[in-house]
Amino acid sequence: MRQITRGVRAGYATGSFVTGAFGTVPGLLLLPYLTDGLAVPAAVAGLLVLVPKAWDVLFNPVAGRISDRAGVRRPFLLRGGLVTAALFALLFAGPFTGAGAAVYVALVFLACATAYAFFQVPYVAMAAEITEDYDERTRLMAWRMAFLALAILVSGAGAPAVRDAVGYPGMGVAVAALMVVGTLATFAGTRGTPVSRRAPAAAGVGELVAAVRGSRPFRLLLVVFVVQAVGLGTMLAGVDYFARLVLREPGSQAALFAGFVGPALLVMPLWQRVGRRHGKRVGLVAASALFAVAVAGLTASRVLPVAAVLALMAVIGVGYAGMQVFPLAMLPDVITAEERRTGATRAGLFSGVWTAGETLGLALGPGVYGLVLALGGYVASTDGSAAQPAGAVTSALLGFTVIPAVLALAALPLLREETS
C-alpha cells in the first residue's frame with residue numbers, strides 16, 4: 001500500500017483550522033451573541049443557530065456530488081475556504097439592531113454554511129483517496145485530529161478573549177484570518193495527492209438515497225457519529241452559560257477550553273495505538289465511555305473546586321479525542337469497501353451525507369441547549385447583565401452535563417464489526 005509523507009499528513013491536517021474554527025466558534029458564541037447581545041429570546045436564538053446549518057443537511061450531499069463529478073477536490077478547498085472566511089467576518093459585524101440583526105445573522109450564517117460545504121465535503125472525501133491503507137488512515141486522522149484540537153484550542157479559548165477585548169466584529173475578523181491560513185496551508189500541502197479518476201456516480205436524489213440504503217455499515221456509523229455530535233454541540237453551546245451561571249466565573253471560558261482541548265493534543269498517539277492493537281470500534285467505545293463518565297462528574301460542579309472541574313474537563317478531552325479520531329478513521333474504510341463493491345465513485349457522495357449529518361448534529365446542540373435554557377426561564381438581554389432565576393442555572397448545568405453524557409452512549413449499541 002502507498003505510504004504518505006509527513007508533509008502530506010501535515011498539509012491535509014491544516015485544513016482542520018477551517019473546520020475547527022467554523023465548528024467551534026458559532027456553536028460557542030453565536031447563541032450568547034443573540035441572547036446577551038441582541039436580546040433575542042433563548043428558544044428563538046437556538047432556532048436561528050440551527051436553521052442555517054440544518055440547510056447543509058440538504059446541501060452537503062449536493063456539494064459532494066459536484067466534487068465527485070469534477071474529479072478533483074483541491075480547487076474546492078481554496079474557493080470554499082476563502083469565501084467561508086469572508087462571510088464569517090461579516091457574521092458578527094451586522095449594521096442592524098433588534099429584529100433586523102437577527103434576520104441579518106440568519107441570512108449571513110446561511111450563506112456562510114453554504115460556502116463552508118464546498119470546503120468541508122471535498123476535504124473529508126480526500127481522506128479516502130490519499131491512501132487506502134487501514135493503519136495509514138488512522139495515522140492520517142490522528143494528525144488531522146491533533147491539528148483540529150489545536151484549532152479548537154486557539155479558536156475556542158481565543159475567540160472569547162478577543163471578543164472581550166475588541167468586541168464581536170474584531171473577533172469575527174480574527175477567526176476569519178485563521179480560516180484563511182488553514183485554507184492556504186491545506187491547499188498547498190496536498191499538492192500532488194491522488195485524485196478520483198473513476199467515472200462519478202449518478203447524482204440524483206434517488207441515487208443518493210439508494211447508495212446510503214445499500215451500505216448498512218455507513219448508516220450505522222453515521223447514526224452513532226451524529227447522535228454524539230448532538231451531545232458535543234450541546235456542551236459547546238453551554239460553555240459560556242456554564243462559566244457565568246454555574247461556576248460564577250465568566251472569565252473561566254479560556255481555562256475550560258484549555259483543560260478540554262489541551263490533553264487531546266497529547267493523547268492522539270495513545271488512541272492510535274489503541275486502534276492498532278484492539279481495533280477502531282473498541283477504541284470508539286472506550287473513548288465514549290470515558291467521556292460520558294467524566295461529563296457526568298461535572299454535575300457536581302457547583303460544590304467542586306474549580307481545579308477539580310478543570311481536571312474533569314481534561315479527562316473529557318481525552319475521551320473527546322478518541323470520539324473524533326475513530327469515526328473519521330472508520331469512514332474511509334467504509335467508503336472504500338462500498339466503492340469496491342459497486343465500482344463507482346462514492347467518496348464525495350458519502351462524505352457529503354456524513355458532513356451533513358455532522359453539521360446537523362452540531363447545529364441541533366445549540367438548539368437543544370437554547371430550549372433547555374428557555375424551559376429554565378432564562379432572561380435575555382442586550383448586555384448579559386440580567387438576573388437569572390434558579391431554574392436557568394439548573395438548566396445551564398443539566399444542558400452542559402447530563403444531555404452530552406447520555407448522548408455519548410445512546411447510539412453505541414449500533415456499532416457492529418462491519419463498521420470497524
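1. R244 and D36 form a salt bridge, with their closest N and O atoms 3.1 Å apart. R244 sits in helix α9 and D36 in helix α2, so this pair ties together parts of the chain that are 208 residues apart in sequence. D36 has a relative accessible area of 13%, under the 20% limit, and is therefore buried. Keep in mind that this is a predicted model.

2. A second pair also involves α9. The side chains of R163 and D240 meet in a salt bridge at 3.8 Å, N to O. R163 belongs to helix α6 (residues 134–166) and D240 to helix α9, and the two are 77 residues apart.

3. K280 lies in helix α11 (residues 280–297) and D333 in helix α12, so the bridge ties together parts that are 53 residues apart in sequence. K280 has 0% relative accessibility and counts as buried. D333 is buried, at 13% relative accessible area. Separately, salt bridges with shared partners join D36, R163, D164, D240 and R244 into one network.

4. How many salt bridges does a search of the whole structure find? The search finds 6. Side chains of opposite charge can pair when their charged atoms come close.

5. Now the packing of α9 on α12. Helix α9 spans residues 216–246 and helix α12 spans residues 306–342. Their axes are 11 Å apart, and the packing angle is about 150°. That angle is over 145 degrees, so α9 and α12 are roughly antiparallel to each other. The crossing of α9 past α12 is left-handed.

6. Which residues make the contact of α9 with α12? From α9 come P217, F218, L221, F225, Q228, L232, M235 and F242. From α12 come V309, M313, I316, Y320, M323, Q324, P327, M330, L331 and V334. By class, the contact has 16 nonpolar residues, 2 polar and no charged.

7. Helix α2 packs against helix α4 (residues 74–91), with axes that come within 12 Å and cross at roughly 15°. An angle under 35 degrees counts as roughly parallel, so α2 is roughly parallel to α4. α2 passes α4 in a left-handed crossing. On the α2 side the contact uses F22, V25, P26 and Y33; on the α4 side it uses T84, F88 and L91. Here 6 residues are nonpolar, 1 is polar and none is charged.

8. L28 is found in helix α2, which covers residues 16–37. L28 counts as buried, at 0% relative accessibility. Which residues does L28 contact, leaving aside its neighbours within four places in sequence? They are G156, P160, L236, V239, Q253 and F257. P160 is 132 residues from L28 in sequence, yet their C-alpha atoms are 8.7 Å apart.

Key
Residues are numbered from 1 along each chain as its sequence is written. This is a predicted model: local features need pLDDT of at least 70, side-chain atom pairs count only at pLDDT 80 or more; totals for chains, interfaces and linings use all residues. Side-chain values use heavy atoms; hydrogens and water are left out. Axes are lines fitted to C-alpha atoms, for helices over the stretch in contact, and angles run from 0 to 180 degrees between N-to-C directions. Helices (H or I, at least four residues) and strands (E, at least two) are DSSP runs, numbered from the N terminus. Angles under 35 degrees count as roughly parallel, over 145 as roughly antiparallel, 65 to 115 as roughly perpendicular and the rest as oblique. A crossing is left-handed if the near helix is turned anticlockwise from the far one by less than a right angle, and right-handed if clockwise. Contact means heavy atoms within 4.5 Å. Ala, Val, Leu, Ile, Met, Phe, Trp, Tyr, Cys and Pro count as nonpolar, Asp, Glu, Lys and Arg as charged, and the others, Gly among them, as polar. Buried means under 20% relative accessible area, exposed over 50%, partly exposed in between (1.4 Å probe, protein chains only). A salt bridge is a side-chain nitrogen of Lys or Arg within 4 Å of a carboxyl oxygen of Asp or Glu.
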